[in-house]
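Dear colleague,

Please find below the structure that I am handing over to you. I would be grateful if you could look through it alongside the notes that come after it.

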Amino acid sequence: MVHTTARRKLRKRSMFPLVNTLAMILLMFITLYPVINTIAISLNDGTDAVRGGIGLWPRVFSTKSYETIFVDESIYNAFFITISRTIIQTLINVVLTAMLSFALSRREYVLRKFITMAFVLTMYVNAGLIPNYLLLQRTLGLSKSFWVYIIPTMLSCFNMIVTRTFILGLPDALVESARIDGAGDFYLFWKIIFPLCMPVLATVALFVAVGAWNSWFDTHLYNAGKVQLHTLQYLLKMKLATTTNSANAAMTSSDAAASTTLTTPVTIRAAITVVSAAPIVVIYPFLQRYFVVGLSVGSVKG
Amino acid sequence: MRTAKATTATVANGPMLCRQPSFWRKLWQQRQLALMSVPMLLYILLFNYFPLWGWITAFMNYKPSVPLFENEWVGLKNFIWLFEKPEFIRAIRNTFAMAAINLVFGFVFPILLALFLNEIRSTHFKRTVQTVTYLPHFLSWVIVVGIAQTIFASDGAINQLLLGLGICKTPVFFLGEGKYFWWLVGAINVWKECGWNTIIYLAAMSAIDPALYEAAEMDGAGRFTKMLHITLPGIKSTFVVLLIMNIGHLMEAGFEIQYLMGQNVVMDWSQTIDIFALKYGITKGQYSRAIAAGIFKSLVSIALMLGANFTAKRMGEDTLL
């Protein structure tokens, strides 16, 4: 009791909480300013936006940019491709990660050490960009195909480790009692372990889904020549490449000259940015509880 | 743990078997587990280990149209070519410079932020700050680079601020001058990942025994003394594990941001080993040289990771391996 009052007194004198709060508010402002600024630009009139200097609010309000991008057929197709790949990739990853993690969490499994080591090494041994490209492009012939989005990305070692750590934290008695009742490993996995893993699998699903939604490089490398397979991020990337903002225009005369015919107005660029970021930004705060738990569990035994 | 061991023991000393059951017999008993893991093993053998085979082409003058072993063997010629090329030396320099900046910023800022977040008493406010600062982590590099190009443009927010405060007289061409590139990448990385990287530190901090703080208070320790002598030592092992992991991934110092943001004018400062490999391998079709660059990168990565792990072990810290 005595020291609580002493602490209260101390806190009353200290400026720290106030300074800390202000610092955090400043930090939130720095984090959010660029995002809000982009939204403001996307909602501004195109010719007015060229003057620059738009802050947190549109100067001349207009939804023209959004109307323009939603008239273009290609964005609907890109949405469809992006959503399909995100859903398929996430489902495959979740099921395979859970199965593998379960098998590798059983201490009596004879191949446990070997397979775990093989997976952990993949985090450090990487053949590199070109050998992987040659494998997918030449050996497997996956370019210009939707499957190049799915097949190379079915599993990740990091997600396996996080999930396995979670399963190892479950009480052994669960598995043992079911085994005494004569349950096989499939039954054990599907009926007992899988339902219990939902919190950590939600984390895995979120990581995979965000990665799938945000990827553009596989499109760039394998499917650039096939417009029907372009993803949303790749579409945005192409629009960015054809946008010349004043700073770049001054410096890269050759680039600017090459792209003057294809220039995308800043407002349209901003509108596509907002559209391609919106789904994640809207969904993620609701999942925050899960990934914080999942990541903390995984970090205990990295 | 105990029960699992007991099961193995019963199987091993079972009455019907006089000797240890053979490996294959055990595997047959565990066929359901094998079915749940061996296909995945084959999967990574194909997608993660088989491409390593492609490394031999670094010692050839490889042309994809010719069958593999009919290509001309050239020994280390491709590697010599790389190290005699100033462009590649610059790519190494850029990779290391940006990696070092990211490594330092990537530890200092998240730990500072975690320390400050840990001092916030109101859970509501704390959660709001967390939600906001995690947000950029979820944005793709395409989006982040797009936003950065707006903010750092000559008429963008940063220049307006600098001009407004009278720090400089004319707008700074952040995006068009090589000397700013590394620091721009560092700053953007902090903006994107700083909040996210606090999660693990906050988890480690919440595991610290509150009795330690109370004892320190009894002894008259102030806020900063407690931070320095309780909170920071409390997250030390987390820090070491993350440090080793990050040093192992140092050469991955980023590819997307440099690729998306590096324009021709800043290429001497923006081109990393990966971009070099991409350019020579895929755009110019010089596969052998590009693969040689990739091998160099992988070997340095492994050496760095083992070195960091060894140092940590010598210092008596928890290690990865």
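The notes below describe what was found in this structure, which is a predicted model.

I begin with chain A. This chain has 16 helices and zero strands. Of its 302 residues, 37% count as buried. Taking the contacts in chain A between residues at least 6 apart in sequence, 70% join residues at least 24 apart.

The largest nonpolar core has 72 residues, of which Val142(B), Val144(B), Val145(B) and Ala148(B) touch the most other members. Helix H9 of chain B, spanning residues 178–206, gives the most to this core, namely 14 residues. Chain A takes part as well: at least three residues of the core come from each of its domain 1 (2–62) and domain 2 (66–300). Leaving aside residues up to four places away in sequence, Val145(B) touches Leu240(A) as well as Ile257(B), Leu260(B) and Met261(B). Another core, of 34 residues, lies apart from this one, and includes Met99(A), Leu100(A), Phe166(A) and Ile167(A).

Finally, I would draw your attention to helix H15 of chain B (residues 273–283). Its buried residues are Ile273(B), Asp274(B), Phe276(B), Ala277(B), Leu278(B), Tyr280(B) and Gly281(B). These buried residues pack against helix H7 (129–139) of chain A, and also against helix H5 (86–118) and helix H16 (287–314) of chain B. After H15(B) comes Gly285(B), which has a positive phi, near 70°.

With kind regards

Technical notes
Residues are numbered from 1 along each chain as its sequence is written. Chains are lettered from A and ligands numbered from 1 in the order in which they are written. This is a predicted model: local features need pLDDT of at least 70, side-chain atom pairs count only at pLDDT 80 or more; totals for chains, interfaces and linings use all residues. Helices (H or I, at least four residues) and strands (E, at least two) are DSSP runs, numbered from the N terminus. A residue is buried if 20 or more other C-beta atoms lie within 10 Å of its own, exposed if 12 or fewer, and partly exposed in between; C-beta atoms are placed from the backbone. Two residues are in contact if their C-beta atoms, placed from the backbone, lie within 7 Å. A nonpolar core is a set of buried Ala, Val, Leu, Ile, Met, Phe, Trp, Tyr and Cys residues joined through C-beta atoms within 7 Å. Domain bounds come from an automatic or database domain assignment.
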